[in-house]
Amino acid sequence: MSVALDARLVGFARALRGHGVVVGTSDVVDAGAAAHVLGLEDRERLREGLASALLRRAGQRQVFDDLYDVWFPSAVGDRSHGTFEAPPATLPDRRSRAEELRQQLARALADADERALDELAARVVAELGALANAATTGSFSAQQALDTLAPQTAIAGALARMQDAAENAPGGSGDGSGGSGGTGAGVSGPAGGGGFASRFSRDELRSGVAAFRRRVEVETRRRNAEARGAERISRYAVRPPADQTPFLLAGPHELDELRSAVGPLSRKLATRLAARRRRASRGSIDVRRTLRRSLSTGGIPIRPALQHAKPHRPDLVILCDLSTSVSGFSRFTILLVQALAAQFRRVRILGFVNRVDDLTEQVLGAPPGSDLSSAFDDLSRMTRWHRNSDYGAVFADVVEHHLDAIGHRTAVLILGDARSNHTEPQVDMLREITGRARHVSWLNPEPARMWGSGDSVALLYSEVVDMHECRNLAQLRDFVSRLLPV
């Protein structure tokens, strides 16, 4: 292979590592061997070969594909061949150009012409996605191009074209016979009658529009990588895997991906927690019995005797901040704990903003995976006077009204960013909670470098309890599997 391809493979592997994909040196060597065997003629074949060498989890495939399109682009340059027009300068011109491109999109969707869709995506990026200000000269925006084009509005035009094609085809229903042996029961083409065929065609076109959006995004990253460099675009323009997405920055799409991961993740974690409990039930070494056994092996303790501990399941109390700033993180963690509730003898869920409310029945009484928005969105019983977090008042509320839920078998899990809006932190109340519990852990969704900044009292609280950075699903999974007391 050429030196340029070797360097590109190394850069590609570095970009994967930057997005949380574990890629070792031996994996890069395997990828190079795969590229040597497969050759560079078939780009999709090379994609699958590199994926088999570099990936270990199915959840990493999306970030792999996005980075592959940056480091191994499908083309170089603008791919115009003299067919692209200059970006329109005025708003009316942009609207007129967008209407023309929408008509072409409707035609390509109706014909299912993959090549035409690829060429059209390149043209949309070049003509509608070019950024005009001097600081971004040579760069493109997929969002700008898609907002201007509004590709979803091309579905109706594509449906009309499909219906016209069906009616004009031999044996079509353009003569009003129904096209089904004169019974009149058939559907007059893909869009006819509003029946099953029409709905099926519309769903296919929606999928086609979604695929076209992805084409535009891929083309935009390719053009920007040429202008700004593949490393820069890999770092800032490629979404990380779902398990690396920060809870505090997750949008609706990312939150949906996280919720869909709760079921499989909870099953894996339940198996790990059960295994940990079995290992813990073996107990410590019984020195007296071990020495007695060693007499049969010349005094060498080959077979240690264990004091079997009585197996038990701890209680779990979750104290979770449901204020606006961290509600997404708390809600997702509660959904995970709901799925793991069987691993504990008793679970108590206490939500708060600046006042504590018991949510146990609403959360654990609901079927797994059900919508718990009503339980989380009703903050009226969690607030007094204002809607800002007040951790000191919350800890005092727990000591006054909910301390009976905490005992020597209880593991307390606090979820929140420890930003108390400059109110009294009430550290002595947190110490009283810690003194009664078996173990107290605090999961903070903010990076550790931000603890203690502004109104954060995380560093003060971390002197009393074990505080862990928990910014994404990967860190939450590690905490539950390794550190959650069971």
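Because the model is predicted, local features need pLDDT of at least 70 and side-chain atom pairs count only at pLDDT 80 or more, while totals for chains, interfaces and linings use all residues.

**The sheet**

Start with the 6 strands that form an open sheet in the order 3-2-1-4-5-6, with mixed pairing; strands here are DSSP runs of E with at least two residues, helices are runs of H or I with at least four, and both are numbered from the N terminus. Two strands pair if DSSP finds at least two bridges between them. At the edges, select strand 3 (356–358) and strand 6 (466–469), each of which pairs on one side only. From one strand to the next, the twist averages 25°.

Now select residues 315–321, strand 1, together with residues 346–352, strand 2: the two pair in the parallel sense over 7 bridges, and Asp-315 has Arg-346 in strand 2 as its bridge partner.

Which residues cover the two faces of strand 4? Thr-410, Val-412 and Ile-414 lie on one side and Ala-411, Leu-413 and Leu-415 on the other, and all are buried, meaning under 20% relative accessible area, with exposed over 50% and partly exposed in between (1.4 Å probe, protein chains only). Strand 4 pairs with strand 1 in the parallel sense over 6 bridges, and Ile-318 has Leu-413 as its bridge partner there. With strand 5, strand 4 also pairs in the parallel sense, over 5 bridges, and Leu-413 stands opposite Ser-441 in strand 5.

**The aromatic cluster**

Then show the side chains of Phe-352, Tyr-391, Phe-395, Trp-442 and Tyr-461, which form one aromatic cluster. Rings of Phe, Tyr and Trp (its six-membered ring) pair if their centres lie within 6.5 Å; planes under 30 degrees apart count as stacked, over 60 as edge-to-face and the rest as tilted. Tyr-391 and Phe-395 both lie in helix 17, 4 residues apart, about one turn of the helix. Tyr-391 counts as buried because its relative accessibility is 0%, and Phe-395 counts as buried at 0% as well. The rings of Trp-442 and Tyr-461 have centres 5.2 Å apart and planes at 25°, so this pair is stacked. It links distant parts of the chain, with Trp-442 in strand 5 and Tyr-461 in helix 19 (residues 458–462), 19 residues apart.

**Two helices**

Select helix 14 (residues 327–339), where 10 of the 13 residues are buried, among them Phe-329, Phe-332 and Leu-336. Finally, go to helix 5 (residues 91–111), whose 21 residues reach 30 Å from first C-alpha to last, close to the 30 Å expected at 1.5 Å a residue; the expected span is 1.5 Å times one less than the number of residues. Buried residues of helix 5 include Arg-94, Arg-97 and Leu-101, and just after the helix, Ala-112 takes a positive phi of about 55°.

Conventions
Residues are numbered from 1 along each chain as its sequence is written. Side-chain values use heavy atoms; hydrogens and water are left out. Axes are lines fitted to C-alpha atoms, for helices over the stretch in contact, and angles run from 0 to 180 degrees between N-to-C directions.
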